[in-house]
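Hi,

Here is the structure I promised to send over.

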Amino acid sequence: MTGSMFLQHFTNALSVASLYALLAIGYTMVYGILRLINFAHGEIFMMGMYFAYFGIAMFHLPWFVSFIIAIIITALLGVAAERLAYRPLRDAPRISILISAIAVSYFLQNFATVLFGGRPLMFQQIPLLTTIMQLGPIRVPRLTLIVPAVTILLLVGLQFLLKKTKTGMAMRAVSRDYDAARLMGIDLNFTIAMTFFIGSALAGVGAILWGLKYPQIKPDVGSMPGIKCFIAAVLGGIGNTTGAVLGGFVLGFAEIMFVAFFPAASGYRDAVAFILLILILLVLPAGLLGKNTTEKV
Amino acid sequence: MMSERTNTRESISKHPPSVKKNVNLYSVVLSALLLIVLYFVLMKIEGSANALVPRIARLCAINIVLALAMNLINGFTGIFSLGQAGFMAVGAYTTALLTIEPARKLSMYIVTPIVKPLETLTLPFGLTLIIGGLIAAGLAFLIGVPCLRLRGDYLAIATLGFSEIIRVFIMNAQSLTNGAQGLKSIPPNATILWTYGVALAVIAFMALFTTSSYGRALKAVREDEIAAESMGVSLFKHKMMSFMISAFLAGVGGGLLAAYNGTIGQDMFRVMQTYNVLMIVVMGGMGSISGSVIAAFVVTIGQEMLRVLDGPINLGFWKTSGIAGMRMVVFSALLLVVIVFFRNGLFGTKELTWSGIVRNIEKLAGRGKRGEVA
C-alpha cells in the first residue's frame with residue numbers, strides 16, 4: 001500500500017468514525033439514563049435522512065433550512081417515541097422496555113416503507129459540501145473533512161451542555177442514581193425527554209452527513225449503522241459520552257483499515273464490528289472507558 | 001381456563017400425587033380426542049378450494065415451531081437472545097442444499113460451481129431437518145461459549161451480531177450457498193402433515209421438557225440466577241443446554257420454512273426475521289407454551305386478514321388506491337399497543353391445561369348449582 005493510498009483510506013476512516021461517534025452518543029446517553037438499548041435509534045436516524053431529503057425535494061427549501069428543520073423534527077420524533085412507547089413502561093421489567101424499543105423500530109421501518117416507498121431514493125448533492133478537492137497527493141470530497149469538523153464542534157457543545165448547564169447536570173445526576181436524583185427534586189420526565197431530544201438531534205445531524213456521504217436512502221438504511229453504533233458505544237464503555245466517541249473512532253478505523261488491508265475479504269466488513277464487540281466484552285466487559293460494577297446480591 | 005401456575009415455586013411441588021394421576025388420565029384421553037379432531041380439521045383445510053387456506057395453515061405450524069424455539073431461551077430461561085434468524089438460516093440452507101435435485105443445483109450455481117460432495121447429494125426431508133437442527137445446535141455451542149458469559153443487553157447484541165455474521169457468511173460463501181443469488185426450486189416437502197407433525201412433536205417436547213427437572217432448573221435461572229446457582233444449578237451448563245436446544249428447534253423451523261417457501265436468500269434472515277418471531281412470543285406471553293401456540297395462529301392469520309389494508313380502501317369520506325405495506329404498519333402499531341398496555345401478552349407465564357379447563361368447568365357448574373339452591 002502506497003502512502004497516498006493510505007492517506008486516502010485514513011481520511012475516509014476519519015469521516016466514517018466521526019459519523020459512528022455522532023450516533024453512538026445517542027445510544028450511550030439513553031443507556032446511561034434508562035439502561036435501555038434504544039433499538040429505535042437507527043430508525044430515527046433513517047427518518048432524519050428522509051426528512052432532510054423531502055425538505056429539499058418536495059418543499060423546495062434551501063438545503064440549510066431543510067437540514068435544520070429535519071434535525072428538529074428528528075429530535076421531536078425521538079422525544080415522541082420516548083413519550084409514547086418507553087415512558088409507560090418505565091417501572092416495568094427492563095425486558096419489556098427493550099421489546100418496546102424493538103417494536104418502535106419495527107413500526108418506524110414499516111411506516112417509512114408506506115410513507116416514503118420502498119424504492120431507494122438518492123440524497124441530494126450539495127455542491128458546496130460534496131465537491132471533490134485536491135489535497136496534496138489525495139483527492140477527497142470536502143465532506144470528508146467537514147464531517148469530523150462538525151462532529152468535533154458538536155462534541156464540544158455537548159460537553160459544555162453536560163458539564164456547565166443545569167439540564168446537563170440533571171442528566172448526569174439521573175444517570176448516576178435515578179432515585180436519588182428524583183429525591184433531589186429533578187424533573188425526571190423533562191430530563192429524560194431532553195436526553196432523547198439531544199440524542200436524536202445528533203442522530204439527525206449524523207443522518208444528513210451520512211446521506212451526503214452514502215446518498216442511497218432506503219427504509220432499512222438505519223438498521224446496520226444503528227447496531228454498529230450501539231456496538232461503538234459498548235466498546236467505549238456504555239453511559240460515557242467520551243467513551244462513545246472513542247468507540248466510534250475505534251470501530252470506524254477498524255472497519256476501513258480492515259477493508260484497506262484485506263480487500264479480498266471486504267464482503268466481511270460488517271462482521272468486523274461484531275467480532276470487535278465480542279473481543280472487547282471478553283477482555284474488558286465494561287468497555288474501554290467504563291467502570292466495572294459488581295452486581296449486589 | 002388457565003391453571004394457577006403463576007410462578008415457578010408453586011409449579012414445583014403443588015400438585016399432590018393423587019390429583020396428578022387423575023389429571024394424567026383426563027389429559028391423555030382429551031389430548032387424543034383433540035388430535036383426532038385436529039386431523040380431520042387439517043384434512044378439511046387441505047381439501048379447501050382456496051389454495052391460500054392450506055398455505056396459511058402450514059405457515060401457522062411453522063411459526064409455532066419458531067416461536068417455541070425462541071420462547072425456550074427467551075421466555076423459560078430468561079436469556080434475551082436475538083440470534084434466532086441466524087440459526088433459522090443455517091437450518092434453511094441445510095435443508096435446501098440437501099433436498100434440491102442435483103440437476104437443478106448445477107444450473108443454479110452460475111458464478112462458482114458448488115462444492116464437491118453437495119453437488120449430487122440428496123437426503124430424505126426429515127433427515128435434512130434433523131441435520132440442519134444439529135448444525136445449528138453445534139454453532140450455538142460455539143457462539144454460546146463466549147456469549148453466554150455476558151449480561152442481559154450485551155448478550156442480546158452479541159447474539160444479534162453472530163446472527164448477522166452467519167448471514168454475511170452466507171452472502172459471501174458463494175460456492176456453498178450460491179451467495180446473493182440464493183437458492184431456488186427447493187422441493188415442496190413442507191406438507192400439512194410434516195408441518196403439523198413437527199409442530200406437535202415440538203409442543204409435546206416443550207411440555208415435557210419445561211416440567212422436567214431440567215425445565216424447572218431453567219425457570220429457576222430465569223427467576224434469580226444467584227439463588228439458582230447457590231441451590232446447585234450450574235448456570236453455564238443449563239444456559240448452554242437451553243441455547244443449543246433452542247437453536248436446534250430454530251434450525252428445524254428454518255428447514256420447514258425453506259421447504260414451504262421454495263426459494264431462500266440471505267435477505268430473508270435479517271434481524272427483522274428475529275423480530276417477527278419475537279413478536280409472536282411476546283404476544284403469547286414469554287414463558288407460556290400455549291401462549292406461543294395461540295399467538296402463532298393469531299399473528300399468522302391476522303397478518304393475512306390485514307392484507308385487505310394493502311388494497312384499495314373506500315370509507316365513503318376517504319379513499320385510497322391501495323398502499324402496499326399498509327397492513328404491516330397497522331400490524332406493528334397494534335403490536336406496540338399490546339407491548340405497552342398488555343406487556344405480559346395473552347397468557348403471561350400461565351398455561352392452558354386440561355386440568356385447568358376441567359377445574360373451570362367444574363367451578364362454573366358448581367356456581368350454577370349453588371344458584372339453584374339459593
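This is a predicted model: local features need pLDDT of at least 70, side-chain atom pairs count only at pLDDT 80 or more; totals for chains, interfaces and linings use all residues.

Before the notes, one term: when I say two residues touch, or are in contact, I mean that they have heavy atoms within 4.5 Å. With that in hand, take B:Met241, which touches B:Phe209 and B:Tyr214, leaving aside residues up to four places away in sequence. B:Met241 sits in helix α12 of chain B.

The scores are ipTM 0.83 and pTM 0.85. For chain B, the average pLDDT is 84, with 89% of the residues at 70 or above. That same helix α12 (residues 235-261) of chain B has the highest mean pLDDT among the elements of its chain, at 95, while helix α1 (residues 8-13) of chain B has the lowest, at 44. Residues 1-21 of chain B have a pLDDT below 50, though the model does give this stretch 30 contacts beyond near neighbours in sequence.

Now to where the chains meet. Chain A puts 45 residues into the contact and chain B puts in 42. Between them they bury about 3800 Å², and carbon and sulfur atoms give 79% of that.

Along with B:Asp153, the lining is made up of A:Arg35, A:Leu36, A:Arg94, A:Ile97 and A:Leu98. Helix α4 (residues 94-116) of chain A gives the most to this lining, with three residues. Sorted by class, the lining has three charged residues, three nonpolar ones and no polar ones.

Last, a hairpin in chain A. Strand β2 (residues 132-135) of chain A runs antiparallel to strand β3 (residues 138-141) of chain A, and the pairing covers four bridges. A:Leu135 has A:Ile138 in β3(A) as its bridge partner. Two residues lie between the strands, and A:Gly136 in the turn has a positive phi of about 60°.

Cheers

Definitions and conventions. Residues are numbered from 1 along each chain as its sequence is written. Chains are lettered from A and ligands numbered from 1 in the order in which they are written. Side-chain values use heavy atoms; hydrogens and water are left out. On a 1 Å grid over the protein atoms alone, a cavity is a set of points where a 1.4 Å probe fits but cannot get out, and a pocket is an open set with protein on both sides within 12 Å along at least five of seven lines; lining residues have an atom within 4 Å of a point. Ala, Val, Leu, Ile, Met, Phe, Trp, Tyr, Cys and Pro count as nonpolar, Asp, Glu, Lys and Arg as charged, and the others, Gly among them, as polar. pLDDT is the predictor's confidence in each residue, from 0 to 100. Two strands pair if DSSP finds at least two bridges between them. Buried area is the accessible area (1.4 Å probe) that two parts lose on being put together, summed over both.
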